[in-house]
Amino acid sequence: PSQASGSVQASRQEKARSYVWRLENGNIIDPTDSEGNLPEEIQSLLGAKISTKLCRINEPSRGFDTNVVTEEQGEELVFRVERDVLAGEELFLDYG
């Protein structure tokens with residue numbers, strides 16, 4: 001590969017890093033497109049459209065609590081809230 005394509009790949013990886021999830025079994029969930037951008041929806045292997053909104057949950061600033069946890073169920077990553085969340089309240093997740 002040329003240097004140009006190498007720099008594009010590096011840029012894609014840098015952009016995608018925030019949205020990639022590594023499962024305990026080593027598999028990776030990557031909802032980004034070929035340029036590392038996160039679209040509003042992705043298409044599953046079965047053709048269903050899936051929202052990427054949960055990929056945009058932030059880690060809280062120091063002193064703020066999380067209100068979302070994740071749980072791996074086989075090849076799926078399940079997000080759930082730990083408590084009641086008020087309308088308009090930002091969701092926070094501890095990424096470790």
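This is a predicted model: local features need pLDDT of at least 70, side-chain atom pairs count only at pLDDT 80 or more; totals for chains, interfaces and linings use all residues.
How many salt bridges does the count come to? Here are some notes to read alongside the structure.

1. Let's start with the answer: the count comes to three salt bridges. A salt bridge here needs a side-chain nitrogen of Lys or Arg within 4 Å of a carboxyl oxygen of Asp or Glu.

2. Take Glu-40 and Arg-56, whose side chains meet in a salt bridge at 3.6 Å, N to O. Glu-40 sits in the loop between strand 2 (28–29) and strand 3, while Arg-56 sits in the loop between strand 4 and strand 5 (68–73), so this pair ties together parts that are 16 residues apart in sequence. Glu-40 is exposed, at a relative accessible area of 55%, and Arg-56 is partly exposed, at 33%. Why do the two residues get these labels? Because exposed means over 50% relative accessible area, buried means under 20%, and partly exposed is in between.

3. Now find Glu-71 and Arg-80, where the N to O distance in the salt bridge is 3.5 Å. Glu-71 has 33% relative accessibility and counts as partly exposed. Arg-80 counts as partly exposed too, with 45%.

4. The remaining pair to look for is Arg-83 with Glu-89, whose closest N and O atoms are 2.6 Å apart. Arg-83 is partly exposed, its relative accessible area being 38%. For Glu-89 the relative accessibility is 27%, which again counts as partly exposed.

5. Next, have a look at the empty space. Rolling a probe the size of a water molecule over the atoms shows where such space is left. In this model, the largest pocket holds about 730 Å³ of space. Which residues are the closest to its centre? They are Ile-29, Pro-31, Ile-42, Ile-50 and Leu-77, out of 23 residues that line the pocket.

6. Which elements give two or more residues to that lining? Strand 3 (41–43), strand 4 (49–51) and strand 6 (76–81) do. Strand 6 provides the largest share, three residues.

7. Finally, what is the lining made of by class? The largest pocket is lined by 14 nonpolar residues, along with five polar and four charged ones.

Definitions and conventions. Residues are numbered from 1 along each chain as its sequence is written. Side-chain values use heavy atoms; hydrogens and water are left out. On a 1 Å grid over the protein atoms alone, a cavity is a set of points where a 1.4 Å probe fits but cannot get out, and a pocket is an open set with protein on both sides within 12 Å along at least five of seven lines; lining residues have an atom within 4 Å of a point. Grid points are joined across faces, edges and corners, and a volume is the space filled by probe spheres set on the points. Helices (H or I, at least four residues) and strands (E, at least two) are DSSP runs, numbered from the N terminus. Ala, Val, Leu, Ile, Met, Phe, Trp, Tyr, Cys and Pro count as nonpolar, Asp, Glu, Lys and Arg as charged, and the others, Gly among them, as polar. Buried means under 20% relative accessible area, exposed over 50%, partly exposed in between (1.4 Å probe, protein chains only).
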